[in-house]
Amino acid sequence: MLYSTRSKLVFSLISVALAVAGISFAAGWSLLYKSVLNEAFNRVRQDLNVARLIYDDRVGTIRISLETAARADDLTSALATGNATLPMDRIRQLAQRLDLDFSGILIPEDRIYTCTGFKNQPKPGKSDLPIAWQALAGKKTVSGTAVSGSNLVAGAAVPVMAGGRVTAVIFGGTVLNQDKTIVDKIGDTVFRNEIYRGRNVGTATIFFNDLRISTSVLMKDGSRAVGTRASKEVSRQVLEKGDNWTDRALVVNDWYITAYEPITDIFGKRVGMLYVGVLEAKYRDVRNKTIWVFSAVILAGLVLAIAAGTFLADRIMQPVNHLLRASMEISAGNLSPDIGPVSPGDIGLLQKAFMSMSHALFQRNQAQLEERRRELIRSEKQASIGKLAAGVAHEINNPLTPVLTFTHLILVRKDLPDQVRKDLEVIAFQTERVRKIVKGLLDFSRQPKLDRETFEPDPMLADTVELMKNQALLKGVHLFYSGNASLPRVRMDKNQIQSVVVNLVLNAMDATPSGGRVEVSARPKNSEQEQGIEIQVRDTGSGISPENINKLFEPFFTTKPAGEGTGLGLAVSFGIVERHNGKIRVESTPGQGSVFFIWLPCNCPGPENKEAR
């Protein structure tokens with residue numbers, strides 16, 4: 001049992017620690033996972049914004065450079081006079097400086113094209129130069145993305161004005177297909193070309209529709225993943241709906257935290273996508289490392305909890321073990337066991353309570369032993385007196401009857417002198433008194449058999465008190481009965497219980513002076529195991545002194561004057577109540593009165609007829 005309690009205590013502490021650790025681990029893992037993902041998503045969104053700025057900056061640089069060239073006076077004069085040599089040299093220099101894939105001059109009057117970068121084609125069509133034709137038609141600068149044949153291009157076109165009319169359009173741009181400039185600049189600027197476990201931490205891609213035409217994403221062989229396509233889910237979200245897309249995704253070979261946004265051409269049509277991604281493995285490893293550290297801390301906490309639980313269990317169980325051994329000693333009969341040193345705190349209070357309990361048990365045991373000793377003495381005394389009384393009563397009763405008979409016969413005579421008659425009357429009175437004493441001895445030594453019946457005690461008590469009203473009037477005592485219709489039915493010898501009540505009421509009236517009060521009452525009162533009733537006889541008489549309380553139920557003890565009592569009435573009443581498995585006791589305060597309490601079970605157990613001792 002001790003080891004079981006100790007184990008339960010330790011296991012309880014461990015269970016609590018495990019529960020707390022489990023909840024903390026689950027909450028920490030969830031919060032950490034969400035935190036890492038949120039950080040990754042926020043970063044990739046910011047990276048996409050930077051990538052867009054780099055993309056737009058490339059177009060803006062081309063536009064500004066062309067606008068600067070278009071405002072040059074010598075270039076404007078040359079185009080106005082039809083001299084294309086100077087403008088073409090200027091455009092070629094600009095293309096070399098900006099690393100343009102194509103550049104040229106569109107002269108609208110004679111529909112003559114001067115163009116570089118398209119395999120020296122002298123006259124490309126409108127589908128080849130949508131930016132230049134759009135600038136010519138709108139008479140304003142046009143810059144951005146456009147589709148040129150099977151290519152996606154980014155560039156600008158600037159009209160050259162003279163006299164309020166467009167004399168030419170200078171244009172230039174970059175073919176994004178297979179171009180590395182923008183995506184590598186994004187990798188260098190945003191991700192600083194960081195490598196993690198042999199892979200790029202950040203990647204960027206330019207899509208023509210859903211096809212990768214420029215990317216820093218690598219295949220397994222190390223080549224760029226140009227020609228691969230985006231997933232249908234991404235294409236539907238970005239190209240068809242025009243929304244940005246941010247989530248984790250499998251990009252060619254690795255999982256990335258990705259962000260996509262649409263690329264629109266100069267006509268507002270969605271023609272491609274711009275993508276950046278951050279390698280998920282880096283964030284996953286950071287998360288896993290943090291989780292391992294967190295798990296190690298939790299494990300250390302569990303080990304500490306087990307050690308602390310074991311130590312505390314031993315400290316707690318040590319005084320408990322003393323108490324357990326002490327309880328075993330109490331069970332063996334030692335009511336003053338050694339419980340060891342008193343501990344501080346609640347255990348100390350428990351030890352003190354245990355000591356108080358053992359002391360109370362010792363006191364109660366002593367009181368019970370003393371009560372049993374008195375009961376044994378009283379029983380032996382009553383048995384001895386009963387035997388003696390029975391023998392004496394028979395011996396006295398035999399010669400007493402003829403004495404009393406002849407005394408009454410002599411008193412019938414008319415010729416007796418007065419003095420002789422008075423003497424004979426004294427003899428008769430004293431003989432009657434002896435006869436009553438003998439009858440009391442016989443009643444004490446041999447009580448009649450119990451004749452049980454089931455009845456309601458309230459009417460019986462009311463009738464008993466009513467029968468004694470006249471005697472109470474003669475004594476000048478007020479006699480009352482407090483009726484109680486809620487009393488349960490009882491099964492006992494009605495006549496003997498009535499005689500007990502009569503005896504107690506008579507004693508109460510004898511002890512109560514004229515004008516005093518005697519009250520009989522009853523109430524239901526259950527013991528620990530059975531239902532019962534309690535009858536009370538209360539008086540306002542002289543009371544009983546403390547030294548006489550324990551002698552009241554002893555045979556031949558009386559506080560009445562000599563010749564007024566035999567001292568057998570309460571002893572007989574005690575025997576009747578005891579034979580009904582009841583209890584009788586008294587409480588008294590000298591000068592204020594006494595109260596006799598009779599408790600009787602509702603259904604007296606035992607054989608129907610129980611002979612007296």
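Q: Which residues does Arg 523 touch, not counting residues up to four places away in sequence?
A: Arg 523 touches Asn 484, Leu 487, Ile 533, Glu 534 and Gln 536, leaving aside residues up to four places away in sequence. Contact here means heavy atoms within 4.5 Å. This is a predicted model, in which local features need pLDDT of at least 70 and side-chain atom pairs count only at pLDDT 80 or more, while totals for chains, interfaces and linings use all residues. Residues are numbered from 1 along each chain as its sequence is written, and side-chain values use heavy atoms, with hydrogens and water left out.

Q: Where does Arg 523 lie?
A: Arg 523 is part of strand β16. Helices (H or I, at least four residues) and strands (E, at least two) are DSSP runs, numbered from the N terminus.

Q: Why does Arg 523 count as partly exposed?
A: Arg 523 counts as partly exposed because its relative accessibility is 38%. Buried means under 20% relative accessible area, exposed means over 50%, and partly exposed lies in between, with a 1.4 Å probe and protein chains only.

Q: Is Asn 484 buried or exposed?
A: Asn 484 is buried, with a relative accessible area of 17%.

Q: What polar contact does the side chain of Asn 484 make?
A: The side chain of Asn 484 makes a polar contact of 2.5 Å with the side chain of Ser 486. A polar contact is a pair of N or O atoms within 3.5 Å; within protein, one must be able to donate a hydrogen and the other to accept it, and residues adjacent in sequence count only if both atoms are side-chain atoms. Beyond four places in sequence, Asn 484 touches Asp 458, Ala 522, Arg 523 and Pro 524.

Q: Back to the strand: which residues does Val 518 touch?
A: Val 518 is in strand β16 (residues 517–524). Not counting residues up to four places away in sequence, Val 518 touches Val 477, His 478, Leu 479, Phe 480, Ala 508, Met 509, Thr 512, Val 537, Arg 538 and Asp 539. Val 518 is buried, at 0% relative accessibility.

Q: New topic: at what angle do α10 and α12 pack?
A: Helix α10 (residues 457–467) and helix α12 (residues 494–511) pack at about 45°, and their axes are 10 Å apart. Axes are lines fitted to C-alpha atoms, for helices over the stretch in contact, and angles run from 0 to 180 degrees between N-to-C directions. The two helices, α10 and α12, are therefore oblique to each other. Angles under 35 degrees count as roughly parallel, over 145 as roughly antiparallel, 65 to 115 as roughly perpendicular, and the rest as oblique.

Q: Which residues meet there, in α10 and α12?
A: From α10, Met 460, Leu 461, Thr 464 and Leu 467 meet Lys 494, Ile 497, Gln 498, Val 501 and Val 502 of α12. By class, the residues of this α10 and α12 contact are 6 nonpolar, 2 polar and 1 charged. Ala, Val, Leu, Ile, Met, Phe, Trp, Tyr, Cys and Pro count as nonpolar, Asp, Glu, Lys and Arg as charged, and the others, Gly among them, as polar.

Q: How do the axes of α2 and α3 cross?
A: The axes of helix α2 (residues 73–80) and α3 come within 8 Å and cross at roughly 135°. Helices α2 and α3 are therefore oblique to each other. Asp 74, Leu 75, Ala 78 and Leu 79 in α2 meet Leu 86, Pro 87 and Arg 90 in α3. The α2 and α3 contact has 5 nonpolar, no polar and 2 charged residues.

Q: What is the phi of Asp 99?
A: Asp 99 has a positive phi of about 55°, although it is not a glycine. Asp 99 is in the loop between α3 (85–98) and β1 (102–107). Most residues other than glycine have a negative phi.

Q: Where is Gln 178 found?
A: Gln 178 is in the loop between β5 (165–175) and α5 (181–189). Gln 178 also has a positive phi, of about 70°, and is exposed, with a relative accessible area of 59%.

Q: Finally, how many helices and strands does the protein have?
A: The protein has 14 helices and 19 strands. Buried residues make up 41% of its 613 residues.
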